[in-house]
Amino acid sequence: MFNWLIKGSQLAHNKMKHFGSHSNRMTYSIANWLILGSLWFLTFALEGTPAFAQSPKRISGKSPMKVIRAGTPQGQAGMKAAPDLIIRDELFVDPDSNNVIDGNERSSIKFRIENIGQGDAKNVKVLVTLKNKQVRGLEFPDSKIIGTIKATEIKEVVIPLYGTFDLSNGIAEFKIEVQEELGFDAYPLEMKIETHPFQPPNIVIADAVFSTEKGGQVRLNTPIQLKILVQNTGKGLAKSIMLNCLLPDANCLPLGESDKFTVERMNPGESREFDYSFIANRRYTGKNIPVRLSLTESYGKYAHDTVVSIGLDQTVVAKNKVVIASIQAPELIISKASLTSDVDKNIPEYPEKDSPKFALLIGNEDYSRYQQGLNTEVNVQYAQNDAQVFRDYLVKSLGYKESNVYLLLDATTGEMNQKIDLISKRVNKSGTDAKLLFYYAGHGLPDEASRIPYLIPVDVTGTNISQGIRLSDIYRKFGESGGRVSIFLDACFTGGARGSGLLAARSVKIKPSEEILNGKMVVFTASSGEQSALPYQKEKHGLFTYYILKKIQQTKGYMTFGDLAIYLQKTVSTASLEINQKEQDPEVLTSTDVSDTWKNWKLK
């Protein structure tokens with residue numbers, strides 16, 4: 001542009017030489033400046049602000065010179081390194097340890113935010129939402145400011161929860177998002193916590209019996225003992241219980257150190273005995289001695305006073321023969337875990353723990369609980385037990401640290417995605433020697449048009465499987481982690497299941513497309529082609545999972561992947577025909593990188 005202005009000026013100057021007079025030269029000088037001004041304005045309109053009007057920063061290198069104009073937004077151009085946030089170590093903190101948010105109870109969700117990237121995360125904040133709005137009476141903050149999280153820094157976050165007196169019965173599905181100023185957000189965390197409505201206590205005098213030292217008739221000027229039984233006959237916990245024994249007048253005197261008794265807490269059905277002694281002197285003129293037993297508790301409305309009395313000259317037993325019985329409390333139904341399978345017991349112990357081992361186990365069993373209109377037949381029998389016991393073998397027998405093993409039961413889409421992302425990053429940060437094991441028991445379905453197979457979270461319907469987890473995405477993420485990956489899928493992808501398929505109306509099973517494996521990966525599948533993954537009713541496990549655990553139990557984990565593959569292909573195929581009268585033939589898939597070496601991999 002500057003050369004253009006010079007040429008314009010020279011042209012005007014040459015023309016000016018043809019004018020002789022001063023006035024003519026002045027006239028053409030004005031014309032010259034008008035030409036230059038017009039050229040300058042035209043250049044500005046076509047190219048932007050002239051270069052000499054700014055202070056550009058020049059970046060030189062092998063490529064042609066670039067000019068970054070001052071004042072132009074640079075976005076991430078000036079960023080030296082990006083942050084990478086993950087949510088980890090999530091925990092529900094419950095004061096009464098029943099893992100439920102109860103009415104009128106304060107609890108909390110704790111987790112850590114770790115920046116595993118190389119740049120600082122700026123203006124980080126946490127957003128908390130409740131996905132299912134039908135749960136009422138739950139209070140929590142919807143946001144929390146965290147601030148800056150430097151590279152490699154970890155910050156702990158506590159989200160307080162309060163179940164009010166109006167809390168409804170259900171499952172609270174929390175979605176926790178961690179957002180960063182420039183969009184470097186963590187993958188959202190989802191947590192499901194049961195909610196129970198407020199259950200009041202009921203504090204009563206269950207029984208009260210008078211006695212004397214040696215028994216016989218009650219007389220004035222003789223000590224009288226009163227044994228009192230206080231009981232919580234309600235369904236809720238009682239706190240700060242106080243019993244106050246009140247005598248009728250000044251001629252009746254307590255003999256003990258106090259006429260007040262306190263109990264910090266009483267569980268439903270729990271009872272406590274108290275001994276109270278008093279005496280009526282000879283000035284007492286009444287025929288009976290009434291004792292008012294006053295009860296209070298922390299709420300101020302769930303305790304009931306009682307008056308008991310003893311008549312003078314009434315015959316009573318000796319104090320060492322008093323027996324009182326509590327009131328029958330409401331029956332509390334407690335479900336006790338049943339360990340009926342032989343693989344659930346006698347799990348081999350291996351004390352050594354290997355740091356670079358990670359595992360994610362998912363047991364999706366109860367689909368009917370999260371989807372309206374589904375009956376329990378669509379549930380995947382024993383999927384939760386499969387995942388839980390498999391986890392026990394990893395920690396107890398195969399050298400996995402508990403902190404490196406993630407277990408999800410009845411997982412939603414958000415929960416599955418968050419943990420898949422988290423464990424992929426942890427493996428990637430641990431180097432090429434890291435090992436990753438992924439186990440899934442639950443529904444799998446292929447898309448009817450593309451035949452792409454999906455893992456189905458409990459909140460995804462069979463008619464909307466695109467909201468599920470693509471199997472190819474799992475393979476890709478785990479393959480890119482850089483570690484040695486082993487995957488066990490006790491699920492079929494044809495529309496069938498252990499009981500009834502999630503798409504019961506589908507009359508033709510669909511053979512899923514084959515997915516490409518990358519990295520160092522081996523995949524064990526429960527069945528082949530259009531076969532179903534079936535249960536082992538007697539052992540309360542999936543048939544495929546039962547024999548995996550059985551082999552680990554028998555060998556204490558000292559075996560190769562090749563040994564396991566031969567064992568599963570033989571035993572599962574035979575047992576399925578014998579037990580379920582259906583074919584089920586496990587398969588092994590491998591990536592090209594390990595096609596010649598996977599058989600020599602060791603499980604432990």
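Reader: Which side chain does E90 meet in a salt bridge, and what's the N to O distance?
Author: That would be K419, at 2.2 Å from N to O. Keep in mind that this is a predicted model.

Reader: Is K419 buried or exposed?
Author: K419 counts as buried, with a relative accessibility of 3%. E90 is partly exposed, at 23%.

Reader: How many salt bridges are there by this rule?
Author: The count comes to 24. One of them joins D89 and R88, at 3.1 Å from N to O. There R88 is buried, with a relative accessible area of 16%, and D89 is partly exposed at 29%.

Reader: What about D259, which side chain does that one meet?
Author: D259 meets K260 in a salt bridge, 3.9 Å from N to O. D259 is partly exposed, with 23% relative accessible area, and K260 is also partly exposed, at 44%.

Reader: Which residues do shared partners join into one network?
Author: R88, D89, R112, E114 and E156 are linked that way by salt bridges.

Reader: Switching to strands: in which sense do β22 and β23 pair?
Author: Parallel, over 5 bridges, with β22 covering residues 357–363 and β23 covering 405–409. As for individual partners, L360 is bridged to Y406 in β23.

Reader: And which helix does the chain go through between them?
Author: Helix α3 (residues 383–397), on the way from β22 to β23. That β-α-β crossover is right-handed.

Key. Residues numbered from 1 in each chain as written. Predicted model: local features only at pLDDT ≥ 70, side-chain atom pairs only at ≥ 80, totals over all residues. Heavy atoms only, no water. Pairing = 2+ DSSP bridges. Helix = DSSP H or I, 4+ residues; strand = E, 2+ residues; numbered from the N terminus. Right-handed = clockwise from strand over helix to strand, strands pointing away. Salt bridge = Lys/Arg side-chain N within 4 Å of Asp/Glu carboxyl O. Buried < 20%, exposed > 50% of the residue type's maximum accessible area, 1.4 Å probe, protein only.
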